[in-house]
Amino acid sequence: MGEFEKSISFDGRDIRLKVGQLAPQAGGSVLIQSGDTAVLVTATRSAAREGIDFLPLTVDYEERLYAAGRIPGGMMRREGRPPEKATLTSRLIDRPLRPLFPSWLRDDLQIIALTLSMDELVPPDVLAVTGASIATLIAQIPFNGPMAAVRVGLVGDDFIINPTYGEIEAGDLDLVVAGSPEGVIMVEAGANQLPERDILEAIEFGYEAVQDLIKAQQDLLVELGLEISREDPPEVDVTLENYIRDSASDEIKNILSQFDLAKTERDAALDVVKAKIETVISGLPEEDPIRIAATANSKAVDNTFKETTKKFMRRQIIEDNIRVDGRKLDEVRPVSCDVSVLPKRVHGSGLFNRGLTQVLSACTLGTPGDAQSLNDDLQTDQQKRYLHHYNFPPFSVGETKPMRAPGRREIGHGALAERALLPVLPTKEQFPYVIRVVSEVLSSNGSTSMGSVCGSTLALMDAGVPISKPVSGAAMGLIKEGDEVRVLTDIQGIEDFLGDMDFKVAGTESGITALQMDMKIPGLPLSIIRQAINQARSARLHILEKMLQTLEQPRSEMSPYAPRLLTIKIDSDMIGLVIGPGGKTIKGITEETGAKIDIEDDGTVTISAVDENKAKKARNIIQGMTRKLNEGDVYVGRVTRIIPIGAFVEFLPGKEGMIHISQLADYRVGKVEDEVAVGDEVIVKVREIDGKGRINLTRLGIHPDQAAAAREAAAVNR
């Protein structure tokens with residue numbers, strides 16, 4: 001294949017494709033570019049490894065800082081572990097791509113997206129998603145595509161396709177829609193409490209644009225002389241499947257129809273049935289076809305048994321409209337909540353239970369210096385004031401495995417919950433704290449990400465964070481068999497694992513703040529998405545009602561162990577004075593008062609301490625240092641040192657002036673020590689500030705009313 005270029009005019013912006021110039025040894029590659037943002041996406045296929053019984057697809061999105069004309073920091077001066085944004089983009093590519101590969105495919109597949117250049121207008125993530133489809137098609141990997149993705153923004157009353165960073169920031173919606181010719185495959189969104197009808201309209205608007213990109217890919221294949229690879233699946237030996245279905249169907253259906261069984265009891269009962277089958281098979285002659293099929297793969301019996309169970313569970317939902325736990329299709333599991341479950345050393349805590357899913361969220365309030373700096377990715381330097389972290393320990397599902405650093409799933413679920421809560425958080429001016437919430441999944445049986453949204457809302461309110469409205473969330477599922485479709489409310493683990501959709505919706509009573517939809521089938525019509533979103537609203541409001549019965553509004557007082565923040569504003573030209581040479585002055589204030597001090601470039605000073613009096617002391621020192629003096633101002637001061645020609649007086653914290661001996665009294669003074677001693681409290685007036693900024697004080701000409709006012713002000717500031 002030689003070099004080939006194509007330009008797609010798309011909603012007023014050009015998307016340029018270049019094939020054949022870069023990465024010639026990759027299975028398929030494309031350089032996809034819009035503006036000055038360029039992403040190289042490759043797709044490579046290797047032969048299947050022995051014993052693999054799943055699709056080993058790996059998707060990696062990586063950024064190079066040279067793409068934005070920057071050199072990495074740190075000792076190594078090179079890119080290291082991918083930042084959180086890169087991990088989330090890898091997931092964004094993976095989620096719409098994976099359902100389009102045939103279920104029988106077992107070859108190793110790797111998609112790599114490298115952002116080689118990025119401007120400040122065009123986000124690279126949706127380009128990478130579409131590029132992954134093009135590279136896969138060119139690599140001739142079996143694929144039920146094409147697939148494409150667009151971003152939809154809302155500025156004012158108008159939807160826009162692929163908005164710039166500035167338009168995303170200014171708008172009320174950040175929605176990514178991915179789709180195939182068969183329908184929508186993935187939705188990911190953050191919204192500013194938008195009504196369901198607006199979200200649905202945005203999804204439809206985005207999917208129309210996706211169709212244009214799909215058509216462009218189909219045209220590209222024709223121009224390249226390629227067809228979409230549709231390899232025939234390998235022949236499947238149904239001997240084992242038929243045996244398990246015939247011998248275990250009655251017992252499986254009986255277990256699935258016992259709605260009072262708990263998850264652990266149901267799993268144990270199914271394990272007993274499977275163990276009986278394994279025992280019988282192990283006693284068959286080695287030449288028996290059933291035993292041969294069972295021993296062809298170490299997981300053959302286990303996988304076939306799960307597939308048989310899946311079919312019976314799905315059939316029960318489709319035919320009887322009843323779920324394995326006896327719930328109706330739109331019924332939420334029992335909900336219970338609690339707050340302040342941890343001692344107040346933890347600034348706020350919330351415990352959320354929905355069925356067997358349990359999430360404990362803890363809220364910590366920090367100072368501006370605790371904000372996370374986002375300077376390790378291609379985004380312009382930013383700081384995060386709200387951090388949401390999600391942990392999923394193995395005991396939450398009754399398993400044992402090594403504890404490692406957070407994986408992609410943990411990072412993705414934390415980001416979703418963070419996005420759900422951001423629209424209701426107070427502004428920096430209203431609440432200058434940096435906020436971190438950690439959600440610990442203590443028990444998992446479906447929809448832990450939405451459980452963390454609910455638990456975190458409770459933790460924030462328990463910590464006294466003045467959120468504008470509480471947020472709740474629910475996960476919706478889907479069972480689709482031919483033309484028969486059932487939408488499930490509040491899915492549990494088995495319905496997620498054996499179903500066709502995981503659709504998470506979070507929001508307030510006013511509207512949606514976040515949603516995320518993933519499919520296991522090649523696409524979903526908008527009519528079913530509409531049903532799922534509307535059905536989710538009833539579930540969200542039901543859960544929200546239970547939450548508000550526990551804690552109706554944010555607490556008016558914070559934990560006594562939370563830092564107390566005082567904020568003042570100084571002239572920006574005074575920042576250097578407060579910091580001092582090498583930070584000497586600010587360090588001295590911190591050591592003297594025990595308060596932490598953060599200064600921003602605009603002169604905003606935030607002072608924090610658990611003891612509010614320490615914060616006030618530091619504030620008074622800084623205010624004194626930076627206060628602009630006027631001749632004639634009167635203060636209460638204290639003599640700090642004496643020289644033959646006068647006395648030095650600290651009349652404001654950190655600010656000192658001198659009283660000349662001639663200004664100590666209205667008569668001739670022989671010696672300074674005759675009038676004042678070190679440590680004496682004196683009333684002084686600013687006589688003049690000379691050209692070098694030196695302050696000359698006097699004790700003469702002070703009216704009694706001025707002296708009284710100065711004493712009163714000093715008493716307040718102590």
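Colleague: What makes β20 and β21 a hairpin, and how many residues lie between them?

Modeller: In this predicted model, where local features need pLDDT of at least 70 and side-chain atom pairs count only at pLDDT 80 or more, while totals for chains, interfaces and linings use all residues, β20 and β21 form a hairpin with four residues between them. Residues are numbered from 1 along each chain as its sequence is written, and side-chain values use heavy atoms, with hydrogens and water left out. Strands are DSSP runs of E with at least two residues, helices are runs of H or I with at least four, and both are numbered from the N terminus. Two strands pair if DSSP finds at least two bridges between them, and β20 and β21 have seven, in the antiparallel sense; one of the bridges joins M501 to M519 in β21.

Colleague: Which other strands belong to the sheet, and why do β8 and β19 count as its edges?

Modeller: Eight strands form an open sheet in the order β8-β7-β9-β10-β21-β20-β18-β19, with antiparallel pairing. Because β8 (158-161) and β19 (484-489) each have a single partner strand, one side of each is left without a neighbour in the sheet. The twist averages 20° from one strand to the next, where axes are lines fitted to C-alpha atoms, for helices over the stretch in contact, and angles run from 0 to 180 degrees between N-to-C directions. Within the sheet, β18 (residues 472-481) and β20 (residues 501-507) pair over seven bridges in the antiparallel sense, with A475 bridged to K504 in β20.

Colleague: Why is the pair of F101 and F143 called tilted?

Modeller: Rings of Phe, Tyr and Trp (its six-membered ring) pair if their centres lie within 6.5 Å, and planes under 30 degrees apart count as stacked, over 60 as edge-to-face and the rest as tilted. The centres of F101 and F143 are 5.3 Å apart and their planes stand at 50°, so the pair is tilted. F101 lies in the loop between α1 and β6 (108-117), and F143 in the loop between α2 (125-138) and β7 (148-155), 42 residues apart.

Colleague: Are F101 and F143 buried or exposed?

Modeller: Buried means under 20% relative accessible area, exposed over 50%, and partly exposed in between (1.4 Å probe, protein chains only). F101, with 5%, is therefore buried, and F143, at 1%, counts as buried too. Helix α2 is mostly covered, with 14 of its 14 residues buried.

Colleague: What makes the charged end of R641 sit over the ring of F648?

Modeller: A charge sits over a ring if NZ of Lys or CZ of Arg is within 6 Å of the ring centre and within 35 degrees of the ring normal. The charged end of R641 sits over the ring of F648 at 3.8 Å from its centre, and that of R409 sits over the ring of F392 at 4.3 Å.
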